[in-house]
Structures are given as C-alpha cells and as structure tokens.
Amino acid sequence: MKKALHTKSVNGCNLMTSLSVANEAGFKGVEIVASKLDDYLDQGFTAEDLSQALKEKNLTALSINDICHIESPRPEALEKMLEQAKRYSQVAEIIGCKYIQLVPLVELNDKSWEEILDITSSNVKKICDIGAEHGVSFQLEAVAWSPFRSLKRGMALIEKVGKGNLGMVVDTWHFWAAGETTPEEVAKMDPTLIYNIHFCDGKKGEADTVWDETKLRGYYFGEADIPLKEYSDAIKASGYKNWWSVELVSSKHWEMDAIEVAKRLSDDLGQYM
C-alpha cells in the first residue's frame with residue numbers, strides 16, 4: 001500500500017506547486033483537483049507537460065477530481081459532463097491516470113429513489129463509455145448529503161450502470177457523516193470495486209443546516225470524531241491493498257505552510273495503513 005496526497009489538501013497551491021509539495025512530503029501519488037488541472041491547461045500547458053512533471057517528481061496520478069452533478073436531468077448539464085469526461089479522459093490516458101471521480105449532488109432530491117437511479121445511471125453510462133475509449137475508469141463518491149450517501153446506494157448505481165469501469169471510493173468522512181455505512185460493511189466490500197481511499201477525520205454538521213466541509217473536515221487525524229481505527233481495520237479486512245489518499249478539506253490549513261501540513265498528513269496516515 002502506498003500513500004497519496006489529494007491535492008485539495010493543499011488547495012492554496014497551483015498544480016505544479018501541489019506536485020512539489022507532495023514529493024517533498026514523501027507521497028508517491030496524487031489526486032489532481034480538476035480546477036487546478038483546468039487552470040494549468042488553460043494557460044497553454046499540455047497533458048504531455050504534466051506527464052513529464054509527474055515523472056520528474058516520481059509521482060503517480062491516481063485520479064482527477066472530479067465531474068460533479070452527475071445526477072442532473074438538465075441537457076446542458078449532461079453536455080458539460082460529457083465534455084469534461086472527454087477532456088479529463090484524454091489527459092488521464094496521457095499521464096497514466098486510472099481514475100476520474102464522479103460526484104452526485106442534490107438536483108434530484110424531490111424525486112423518488114427509482115427516478116434518481118434511472119436518471120443518474122443513464123448519465124453515468126454515457127460517461128463510462130467515453131472513459132472506456134481511453135482505458136479510464138470512474139470512482140464514485142457517496143456524498144454525505146446526496147441521495148447516494150451510502151455504500152448500499154452507491155453499489156446500487158454501479159449495478160444499474162453495469163459497466164466494468166465504475167467502482168467506489170471509500171471516503172471515511174462521507175460514509176461516517178451520512179451515518180448509513182458502517183465499518184463492518186466496508187470490511188465486506190469486494191476489494192476489486194474499491195478504486196481508492198479518501199482517509200480523513202472530521203465532524204458532522206447539524207441537521208437541517210448547510211454543511212461547510214471546509215470547517216467540518218478541518219482536522220488532522222485523531223483530532224475529531226471519526227473512528228478512524230475502525231475504518232482502517234475495515235479497509236484492510238476487505239482485502240484492499242492499493243493506494244490510500246489523504247484528503248484534508250480545510251480552509252484553515254490552506255492558509256498554513258503547505259509543506260508542513262503535507263508532511264504531517266503523510267506521517268499521520270502511516271499510522272493507520
């Protein structure tokens with residue numbers, strides 16, 4: 001098992017600086033925030049330039065994060081999703097990145113579960129077909145406040161889509177904060193459907209309030225409320241043996257020394273792997 005840095009953990013840094021920070025902190029992999037990638041490409045840099053930078057810093061790109069609102073029924077939203085899927089899949093193929101993250105949100109909250117599943121699966125099938133042309137797969141994140149807030153519901157979408165390039169990311173904060181996925185369920189997962197781990201601590205928001213992730217997740221391991229030892233034991237019990245990515249979504253830590261933050265995260269993550 002190897003450690004990776006989700007570059008959202010150092011969100012005050014641009015893409016190239018994020019790679020340098022990850023390398024200096026001892027990580028061997030990175031998850032690339034899509035907005036940082038877009039900014040990089042929009043300035044005229046290429047996927048080939050990024051591939052060379054990753055090689056120079058001895059880093060593997062695990063995923064591009066993310067394509068959001070995959071549940072949207074709006075034609076213009078689907079068009080944007082498919083454009084992103086094509087752009088990110090082309091980049092992923094060049095830089096040797098296996099996964100792109102998919103994020104369901106709340107546009108269908110007034111619909112029945114059956115309608116939500118039908119609409120979202122239709123969108124995701126199209127996205128997966130684009131990725132398959134480039135040898136790219138997609139990791140689904142079970143967002144805590146979305147209809148897909150549990151492992152059970154995430155797996156229902158994977159089954160409905162029926163594509164071989166769709167799996168789950170086990171995000172300890174989202175699973176725990178939603179309160180519908182236990183470590184015992186994680187331990188029973190098929191490890192071939194665990195595409196990545198987002199390991200993080202945090203707190204829950206109050207019911208019927210808007211959750212600010214940058215405050216609720218602004219904690220180093222062991223500083224907040226998630227039973228991380230239980231989740232780490234469950235991940236290992238599943239048979240998963242690949243990358244663990246640390247994700248610190250924290251407006252406070254984004255204003256701190258990025259290298260010091262990343263080194264702390266790397267050291268702390270090693271205690272759970």
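**Briefing on the predicted model**

Of the 273 residues in the chain, 55% are buried, where buried means under 20% relative accessible area, exposed means over 50%, and partly exposed lies in between, with a 1.4 Å probe and protein chains only. This is a predicted model, in which local features need pLDDT of at least 70 and side-chain atom pairs count only at pLDDT 80 or more, while totals for chains, interfaces and linings use all residues. Residues are numbered from 1 along each chain as its sequence is written, and side-chain values use heavy atoms, with hydrogens and water left out.

**Overall fold**

- The secondary structure of the chain comes to 11 helices and 8 strands, which are DSSP runs numbered from the N terminus, with helices (H or I) of at least four residues and strands (E) of at least two.
- The radius of gyration of the chain is 17 Å, which agrees with the value near 19 Å that a compact globule of 273 residues would have; the radius is taken over C-alpha atoms, and the globule rule is 2.2 Å times the number of residues to the power 0.38.
- Along its principal axes, the C-alpha trace of the chain spans about 45 × 45 × 35 Å.
- Among contacts in the chain with a separation of 6 or more, 83% are between residues 24 or more positions apart, a contact being heavy atoms within 4.5 Å.
- The chain exposes about 11,800 Å², of which carbon and sulfur atoms supply 47%; accessible areas come from the Shrake-Rupley method with a 1.4 Å probe, and for residues only the protein chains shown count as cover.

- The largest pocket holds about 390 Å³ of space, and of the 21 residues that line the largest pocket, the closest to its centre are Lys8, Asn65, Asp66, Cys68 and Val103.
- On a 1 Å grid over the protein atoms alone, a pocket is an open set of points with protein on both sides within 12 Å along at least five of seven lines, unlike a cavity, where a 1.4 Å probe fits but cannot get out; lining residues have an atom within 4 Å of a point.
- Grid points are joined across faces, edges and corners, and a volume is the space filled by probe spheres set on the points.
- At least two residues of the lining of the largest pocket come from each of helix H2 (34-42), strand S3 (60-68), helix H4 (75-95) and strand S4 (99-103).
- The lining of the largest pocket divides into 8 nonpolar, 6 polar and 7 charged residues, with Ala, Val, Leu, Ile, Met, Phe, Trp, Tyr, Cys and Pro counted as nonpolar, Asp, Glu, Lys and Arg as charged, and the others, Gly among them, as polar.
- The second largest pocket has a volume of about 200 Å³, and of the 14 residues that line the second largest pocket, Lys98, Tyr99, Tyr195, Asn242 and Trp243 are the closest to its centre.
- Strand S3 and strand S7 (194-199) each supply at least two residues of the lining of the second largest pocket, which by class has 8 nonpolar, 5 polar and 1 charged residues.

- The peptide bond from asparagine 65 to aspartate 66 is cis, with omega near 15 degrees, and aspartate 66 has its place in strand S3.
- Asparagine 58, in the loop between helix H3 (47-56) and S3, has a positive phi of about 55 degrees although it is not a glycine, and asparagine 58 counts as partly exposed at 49% relative accessibility.
- Histidine 69, in the loop between S3 and H4, has a phi near 60 degrees, a positive value in a residue other than glycine, and histidine 69 counts as partly exposed at 34% relative accessibility.

**Individual residues in helices**

- Aspartate 38 is found in helix H2 and counts as buried because its relative accessibility is 19%; not counting residues up to four places away in sequence, aspartate 38 touches Arg87 and Tyr88.
- Isoleucine 95 lies in helix H4 and counts as buried at 9% relative accessibility; leaving aside neighbours within four places in sequence, isoleucine 95 is in contact with Ile32, Ala47, Leu50, Ser51, Leu54 and Ala61.

**Individual residues in loops**

- Glycine 12, in the loop between strand S1 (3-6) and helix H1 (15-24), is exposed, with a relative accessible area of 63%.
- The C-alpha atoms of glycine 12 and serine 251 are separated by 9.0 Å, although the two are 239 residues apart along the chain.
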